[in-house]
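Work through the exercises below with the sequence and the structure at hand. Try each task before reading its solution.

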Amino acid sequence: LFLPLNVGIARHFMPEGALCATVALAIAAAVRQREAPSRKSALLLGLAVGAGLLTKQTFPLYVLFPFLLILRPHRSLAWSLPGIAMALPWIWTNLIKQQAYLESSVTHAGDASLLEHIRYYPIALGTLGWGPVWTVLILGAAWVGWNSRHRSAVLLGAVWLLGGLLLLTLVPKKYPRLLVPLLPSAGLILAAGIAARSRLSPLLLMGFG
């Protein structure tokens with residue numbers, strides 16, 4: 001609720017709002033599968049991935065790097081396939097249209113410079129995504145959390161955010177709303193900072209009021 005861009009986009013019918021939920025659910029399910037590998041957790045992961053693929057075709061951009069960090073080969077992962085398979089009929093039916101859409105996005109020719117492409121999403125993150133105040137607090141929490149036993153939460157949050165930013169930067173078309181599924185990574189970072197230094201809790205939680 002404290003994420004400015006997510007709250008703003010909730011006023012409109014945009015797929016990024018739902019994509020935010022499916023991306024967060026898929027990453028949480030991946031963590032669950034890593035910590036307690038089983039058929040049930042793998043099936044949940046597959047269902048989350050299938051739901052994400054049905055939400056928007058950009059879903060893989062947001063979960064690729066977190067999945068590479070989290071998941072490890074395990075025989076139970078085969079049970080994720082039935083869940084993922086629920087997206088296959090739609091993908092197959094719309095394959096040609098999706099290929100044309102992806103090609104137009106990747107080959108879009110604009111007049112922006114390389115520097116403008118690189119700085120677009122970091123600026124949008126600090127101004128629209130998290131906003132200046134929360135960006136400073138999140139960076140502070142990242143520093144505190146990284147120098148504690150909660151480093152893994154900060155690492156996952158950073159990989160979720162920075163990996164997605166990298167892939168979005170490579171796509172010529174730029175829209176601030178594409179940041180929305182990356183922004184909940186702040187929750188992991190803030191939680192790590194709060195857990196590492198309890199005296200930060202009043203400062204960080206003040207923003208929720």
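The model is predicted: local features need pLDDT of at least 70 and side-chain atom pairs pLDDT 80 or more, while totals for chains, interfaces and linings use all residues. Residues are numbered from 1 along each chain as its sequence is written, and side-chain values use heavy atoms, without hydrogens and water.

**Exercise 1.** Describe the length and the bend of helix α8.

Solution. Helices are DSSP runs of H or I with at least four residues, numbered from the N terminus. Helix α8 covers residues 114-129, which is 16 residues. The expected span is 1.5 Å times one less than the number of residues. From first to last C-alpha α8 reaches 22 Å, close to the 22 Å expected. A kink of about 35° lies at Y120, shortly before the proline P122; the bend is the angle between axes fitted to the seven residues ending there and the seven starting there.

**Exercise 2.** Find the buried residues of α8 and what covers them.

Solution. Buried means under 20% relative accessible area, exposed over 50%, and partly exposed in between (1.4 Å probe, protein chains only). In α8 the buried residues are H117, Y121, A124, L125, G126 and G129. Their cover includes α1 (4-9), α9 (131-146) and α10.

**Exercise 3.** Is S76 buried or exposed, and which residues does S76 touch?

Solution. S76 sits in the loop between α4 (59-70) and α5 (81-85). Its relative accessibility is 6%, so S76 counts as buried. Leaving out residues up to four places away in sequence, S76 touches Q33, P37, S38, R39 and A42, where contact means heavy atoms within 4.5 Å.

Terms used: Helix = DSSP H or I, 4+ residues; strand = E, 2+ residues; numbered from the N terminus.
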